[in-house]
Amino acid sequence: MNDGVGIEIERVTHGYTPKRGRPMVALDDISLSIPAHEFHALLGPSGCGKSTLLFLIGGFQKIQQGRIHTAHGDVCAPGPDRGIVFQNFALFPWKTVIENVRYGLEKKGIKGSEAEQTAKHFIDLVHLNGFERSYPAQLSGGMQQRAAIARTLAIDPDILLMDEPFGALDAQTRRIMQEELLAIWRATRKTVVFVTHDVAEAVYLADTISVMSARPGRIKRLVHASFNRSEDTAVFKSPEFTDMVEHVWDMVRDEVDEARRQGH
Amino acid sequence: MTAARIDRIIAGMIGYLPLVILALIWEATTRLGLVSPRMLPRFSDVLGAFLDLLQSGELLTNAIASLRRALIGFAIAVCTGTTLGAGMALVPWIRAALDPIVQIFYPLPKSALIPLVLVWFGLGDTSKTFLVFLGCLLPMILSTYNGMRGVDPLLAWSARSLGASRFDVVREIMLPAALPQILTGLRTTIAFMFLLMVSSELVIATNGLGYMIGAFGDQGSYPAMFATILVVTALGFAADRAFLALTDHLLRWRA
Amino acid sequence: MGVLRLVLRMSPVLALLAIWYIATSLGMIKPFLLPAPQTVAMRLWRDIATGQFALNAGLTMYRALMGFAIACLIGVPAGMLIASDRTVRWFCEPLISVGFPMPKIAFLPVFMLWFGVYDLSKIVMVSFAAIFTVVAAAEAGTRGVDRVLLWSARSMGASRAAVFWDVILPAAMPQFLTGIQIALPVSLITAVAAEMLMGGAGLGGAMLAAGNYADSPGVFAGIVETSLVGLLAVGGMTQLRRRLLRWHPEFNPR
């Protein structure tokens, strides 16, 4: 994939009916164009449908109305052009770290020493060297998420979908993982769609933030990074960064209140 | 043999010391005349009877007859049960068709099927094999079904987005993820196998370990009866231990 | 609407009954091997009308539930004791690990020898068959109680007895009930098998007599009757679990 549009979302509406209760509209007429190589954050209160939107892009749930389009055509099923990282890692617990990373490679037909070397490369990239033969249950949460990221990066997807990937980690680990993710993104320039409810995380990571409203989920505003996103970690202390966090937080606050009224 | 290994063996032996103590209590009460030998033969007599049965070959022939019938029924039940259980978990119409039938037959106490297999197949091998098959089938269906239904859908999603086909997902993700529950069900099923094997042989058989127990009881050969009961107990225990070791190996990925 | 949905859901069972009916009325199967459903139904009705069903089912239930109750009354405290005392655990654990997988029914001739061929030996047999499951579950449940719960109760000033009644018992209750729920069908299986072996009244004895006299409608009616008893017992147990575990996430899905 070259320049231009990474993901094109056109008038997507999505609803569901809970076992007991009335039908709900999770996403209401969403249109969004995410350029290739952009780091895009979907930010909103819980229950706003941001994960649903991510799962639709991934092809895991069927699109009810509208269409989603990537460089590989219309999205209709999961595929290795769109890698995904989940909040709870979803590593295969009966496979070691390296077996997990090799899984997608083997599905691509890469076998033997080539698969081994590629897997090793990505394990090194996420600083898990030395833990290749460990089972997920033997690793900390942060290390499990590194393994999951390595597994997804190894199949070299154009698009990286991330569903609150650092949500289950402690604060220190989360900060380190954020820095490393940015470094990886700068090196690989993949299109990233990153779901989060953490305002500072979205501001720190993303080129563009879609602020989503509470149910029914709509995109309330698009916010572009207004400060210089250098590799300097001192960015957290810069007044531009703090201002932008405040600015975005003001937009989100109303939605959090609204979501609370709806009982989330 | 290393010192650590010897230590482990000694620790294991101490772990089973209570069984030895129990045997000693048994021997002591009968020797001291606290219990009439008509009610409880001496442990040493039981051991003697065991050696006699072993020497005459009677024990081995009957044990083989029992295990052959039970294992055939068990193996067919495991294959059929896991297939049907997986089918129920994966294919909606199979679930709709089988679920009510499973629900209807689930509460039936399995021993009630003994007269049925007697009417259908008489006293031969087939009746017992079929009984074990019927009795083991439902637990296998249910544990496979529940295990596969309980698999985190995100695991399947991950595999799909890594390029796995639907068939790959079933074989490489759903089955291993359901394995812990399938194995738990398998352990209960093995216990059912022994239960049905012995009870059917007590009621309708002309050979086998259960038949031996019943026949020795009728003849009043109590040491031989107790010896056979202990053999059956040891078989059940050995099978359970072997199965647990297999489980530990297969599920070594769990912390 | 509810009735229609139930009929629809149960349609595989109805289809099975229809196949049974057609196969037997076309004479595709010997009535000895598979009597017609209406023959079995009539036999069932006769058993109910003559009071035979009530008598046999009552006897079987009595033996199974009596043995089951004894197994629970001894098994639960025993399991809790094994969980809390190291010496008791050292002695009992190997006995349980041998007793748990063994086919307990093999001891039936021993109990006949010791307790005769009447109710007592059957009840003891049922208790013996059921108790290992109960003890194992009670031990695991007690050992699995989160110690943070114990600590918070102690720090709020609860006495040892209060901790037992207010914390350990309810916290371990799901596990206890799981063990008991497995033990109940085991009790029924064992009661029926014991009755078959010893003969006499009861569902098991009646069925085996029918089997020995090649009375297949009697065998099939007996299977239906035993199923009804099993259904009653399992259903009652599920209700009890629901009642006792109202607070548990199991019955409070989010």
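A salt bridge here is a side-chain nitrogen of Lys or Arg within 4 Å of a carboxyl oxygen of Asp or Glu. By that rule, B:Glu172 and A:Lys107 form one, with their closest N and O atoms 2.9 Å apart. This is a predicted model, in which local features need pLDDT of at least 70 and side-chain atom pairs count only at pLDDT 80 or more, while totals for chains, interfaces and linings use all residues. Residues are numbered from 1 along each chain as its sequence is written, and side-chain values use heavy atoms, with hydrogens and water left out.

**Salt bridges**

- Over all chains, the structure holds 30 salt bridges.
- B:Glu172 sits in helix α9 of chain B and A:Lys107 in helix α2 (residues 97-107) of chain A, so this pair joins two chains.
- Helices are DSSP runs (H or I, at least four residues), numbered from the N terminus.

**Interface of chain B and chain C**

- Chain B brings 49 residues to the contact and chain C brings 43 residues (contact: heavy atoms within 4.5 Å).
- About 4,300 Å² is buried between the two chains, and carbon and sulfur atoms give 83% of that area.
- Buried area is the accessible area (1.4 Å probe) that two parts lose on being put together, summed over both.
- The rule finds 1 salt bridge across this interface.
- It links the side chains of C:Arg9 and B:Asp99 (3.4 Å, N to O).
- Six helices of chain B each supply at least two residues of the side that touches chain C: α1 (3-15), α2 (17-31), α5 (92-105), α6 (114-121), α9 (166-203) and α11 (222-250).
- α11(B) gives the largest share of that side, 10 residues.
- By class, the side of chain B that touches chain C has 38 nonpolar, 5 polar and 6 charged residues.
- Nonpolar covers Ala, Val, Leu, Ile, Met, Phe, Trp, Tyr, Cys and Pro; charged covers Asp, Glu, Lys and Arg; the others, Gly among them, are polar.

**Packing of α9(B) and α11(B)**

- The two helices pack at about 170 degrees, with axes 11 Å apart.
- Axes are lines fitted to C-alpha atoms over the stretch in contact, and angles run from 0 to 180 degrees between N-to-C directions.
- α9(B) and α11(B) are therefore roughly antiparallel (angles over 145 degrees).
- Residues making the contact include B:Leu183, B:Ile190 and B:Phe194 of α9(B), and B:Leu235, B:Ala239 and B:Phe243 of α11(B).
- By class, this contact has 12 nonpolar, 2 polar and 2 charged residues.

Key
Chains lettered and ligands numbered in written order. Parallel < 35°, antiparallel > 145°, perpendicular 65-115°, else oblique.
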